[in-house]
Amino acid sequence: MAEHLLQRGPARLFRELGPRSQVALCQLPLTLVVAALAIATPFAWPALLHSPLYMSGILLFAILFLGCFLVPWERLAHRPYLLIPILDFLAIGLLRNGAAPLLPGLAVLTVFPVIWLSASGMLARSSLILSFFGPMLIMVPSLAGRFPNLTPSDITTTLLFPLMMLAVSLAIRFASVHVRLQQRELAEKDRELRKLLRESREREKLLQTVLDATDVGIAAVDRSGRLLVTNDRQRHFRRATGAEDAAPGQGHQLIFGQDRRTLLPPEKRPISRAITGESFADYLVWAGEGAEQRAMSTAARPLTSEDGSFAGAVVVYSDVTGWVEALAANQELVSNVSHEFKTPLNSVIGNIDLILDDDALPPHLSRRLLVVQRNAERLLALVSDLTATASSALNVHPKRTDLASLVETSLGSVQAQAERAHIQLSADVPSPLWAYADPLRIGQALDNLVSNAIKYSPDGGKVSISARSSEDWVQLSVSDTGMGMSREDTTRVFKRFFRTESARNAAIAGAGLGLSITKMIVEGHGGTITCESGQGKGSTFTLTLPADGPPPSF
Ligand code: ADP
């Protein structure tokens with residue numbers, strides 16, 4: 001940097017001077033040498049004060065130096081300031097021939113005008129000619145003085161000196177051409193760099209505008225969590241968490257967990273998780289406090305550098321407050337309504353029971369009352385299902401349980417239903433089959449899968465239960481040969497209130513809640529449930545449970 005300044009400093013200084021000062025500055029070194037000579041002459045070589053040639057040389061130098069300042073170079077066409085170094089040859093000639101033989105060697109002063117002419121970069125060929133003939137003409141008068149008694153040394157000196165000056169001129173020309181080429185290259189690169197810089201600034205501006213226009217918060221961070229790119233939404237989010245001044249992942253930030261009250265430990269904050277290289281989606285956090293608190297669904301993807309190493313992460317924040325609140329309100333409504341339904345329904349069923357116990361009841365009324373009772377019981381079962389799905393957490397109490405006996409009970413309870421529907425039931429389950437499960441809940445899940453298998457096989461067929469186990473997991477599969485469903489339906493079948501079109505068209509009774517409850521039960525055990533099916537090809541539901549004790553993580 002310092003070297004750079006040193007190189008650029010004098011050049012810039014020179015450029016900032018006016019043309020007169022520039023010309024004078026070029027002439028200054030030679031003028032200083034001649035001024036020193038002039039001052040020393042009375043003391044060192046007083047005889048020279050009587051040499052008209054020598055004195056006129058000094059005078060000419062003085063005039064030339066004054067001329068540098070006085071001539072209005074800037075107004076003259078073609079800026080003929082190279083006249084000064086040309087006239088320098090004349091002045092040096094006067095000085096040198098006036099001083100010889102008392103003060104030899106003054107011819108060497110020609111190096112100054114030679115340098116000036118050659119370095120100016122102008123009059124390329126003329127400057128080479130002048131660099132040779134200028135010094136030669138200076139040598140000629142002394143040669144002429146010795147004529148005709150010239151020695152070979154006289155002639156050689158007269159030729160060698162101009163040749164040396166020509167060599168100096170050539171060396172300077174080559175060097176300056178080289179420098180000029182380099183400068184041109186540098187200027188070209190400089191222009192390219194500026195263009196690239198301008199383009200990259202424009203792209204950056206465009207990117208920022210696009211980012212600010214999106215309604216999700218975006219933060220790109222480096223490996224240490226330092227923000228690289230961010231947008232308006234994300235800044236708003238950071239303001240809400242009171243983290244504007246803190247580095248991401250550090251300081252006190254109002255980021256809460258799902259219960260909206262527990263502050264997340266720093267390592268659980270989205271950015272902190274992202275900079276460990278973790279990739280996640282739908283990670284719900286609450287930002288800020290009180291009425292301003294917002295639910296944020298966050299997602300992160302790692303950033304990799306060109307060599308494939310971890311370079312940081314992009315974290316995206318979507319405000320899902322409205323959605324979360326609507327869901328909570330929906331669940332609250334369902335849970336309140338179903339709770340309010342339960343008491344009158346229990347009363348209806350209880351009273352029907354009492355009436356049915358009355359022997360005096362005519363048979364045709366008791367038949368009608370049985371229909372009322374069956375429907376009231378169905379309604380109560382539906383309300384219980386609604387209550388179960390409305391509560392986000394379902395209580396399970398797992399323990400060492402034999403699944404084979406649960407399968408047996410489940411098949412036993414649907415035996416009559418299967419016979420009515422002309423369905424053959426079978427099980428291929430080793431006994432005992434131990435799993436870490438809540439027998440009541442898994443029994444409920446199995447009942448639901450088996451009764452669905454029968455219900456959705458309207459033309460009869462087969463329903464079978466099979467098992468597979470490994471050291472860590474136990475799998476139960478319930479398969480049927482019934483109506484099945486499309487591949488797309490299999491992805492939505494566990495959603496609340498979802499019913500396939502074929503089930504609706506076939507007018508098979510159902511509310512679309514059983515499988516969502518079954519899924520909640522299985523996931524409450526830390527297990528999974530999947531569905532494989534094809535339209536008209538039957539279905540297989542497979543639930544996987546931990547074999548023994550809770551698994552380490554899911
Ligand atoms: P419900 O049976 O009360 O409608 P479920 O949640 O148990 O509710 O099932 C949801 C939907 O999934 C059903 O309505 C039906 O369309 C489809 N389904 C469930 N089990 C089967 C099956 N074994 N074969 C075909 N479709 C099924």
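**Figure 1. The lining of the largest pocket brings together 21 nonpolar, 14 polar and eight charged residues.** Welcome to the first close-up of this predicted model. The pocket shown here has a volume of about 1,200 Å³, and 43 residues line it.

**Figure 2. Nine named residues, from Asp215 to Asp319, surround the second largest cavity.** Helix H8 (232–240) and strand E6 (310–319) each supply at least two of the lining residues, with H8 giving the most, four residues. As a reminder for both of these views, rolling a probe the size of a water molecule over the atoms shows where empty space is left.

**Figure 3. Phe14, Leu17, Leu25, Leu28 and Leu32 make a nonpolar surface patch.** The patch covers about 390 Å². Helix H2 (residues 19–44) provides the largest share of the patch, three residues. Leucine 17 sits in the loop between helix H1 (2–16) and H2. Is this leucine buried or partly exposed? Its relative accessibility is 32%, so leucine 17 counts as partly exposed.

**Figure 4. The loop between H4 and H5 holds proline 101, and valine 108 is found in the loop between these helices too.** Here you can follow the chain from helix H4 (83–99) towards helix H5 (111–119). The peptide bond from alanine 100 to proline 101 is cis, with omega near 0°. Further along, valine 108 has a relative accessible area of 48% and is therefore partly exposed. Which residue has its C-alpha atom 9.0 Å from that of valine 108? It is methionine 165, 57 residues away along the chain.

**Figure 5. Serine 431 and proline 432 are joined by a cis peptide bond.** Omega is about -5° for this bond. Proline 432 has its place in the loop between strand E8 (423–428) and strand E9 (434–437). Why give such a bond its own panel? Most peptide bonds are trans.

**Figure 6. Aspartate 282 has a positive phi, and so does alanine 507, with a value of about 55°.** Most residues other than glycine have a negative phi. For aspartate 282, phi is near 55°. This aspartate lies in strand E4 (residues 280–287), and its relative accessible area of 67% means that aspartate 282 is exposed. Alanine 507, by contrast, is found in a loop, the one between helix H16 (501–505) and H17. Is alanine 507 buried or exposed? With a relative accessible area of 66%, alanine 507 is exposed.

Key
Residues are numbered from 1 along each chain as its sequence is written. This is a predicted model: local features need pLDDT of at least 70, side-chain atom pairs count only at pLDDT 80 or more; totals for chains, interfaces and linings use all residues. Side-chain values use heavy atoms; hydrogens and water are left out. Patches are made of residues with over 30% relative accessible area and no salt bridge: like charges are joined within 9 Å, nonpolar side chains (Val, Leu, Ile, Met, Phe, Trp, Tyr) within 5 Å. Accessible areas come from the Shrake-Rupley method with a 1.4 Å probe; for residues, only the protein chains shown count as cover. A salt bridge is a side-chain nitrogen of Lys or Arg within 4 Å of a carboxyl oxygen of Asp or Glu. Buried means under 20% relative accessible area, exposed over 50%, partly exposed in between (1.4 Å probe, protein chains only). On a 1 Å grid over the protein atoms alone, a cavity is a set of points where a 1.4 Å probe fits but cannot get out, and a pocket is an open set with protein on both sides within 12 Å along at least five of seven lines; lining residues have an atom within 4 Å of a point. Grid points are joined across faces, edges and corners, and a volume is the space filled by probe spheres set on the points. Ala, Val, Leu, Ile, Met, Phe, Trp, Tyr, Cys and Pro count as nonpolar, Asp, Glu, Lys and Arg as charged, and the others, Gly among them, as polar.
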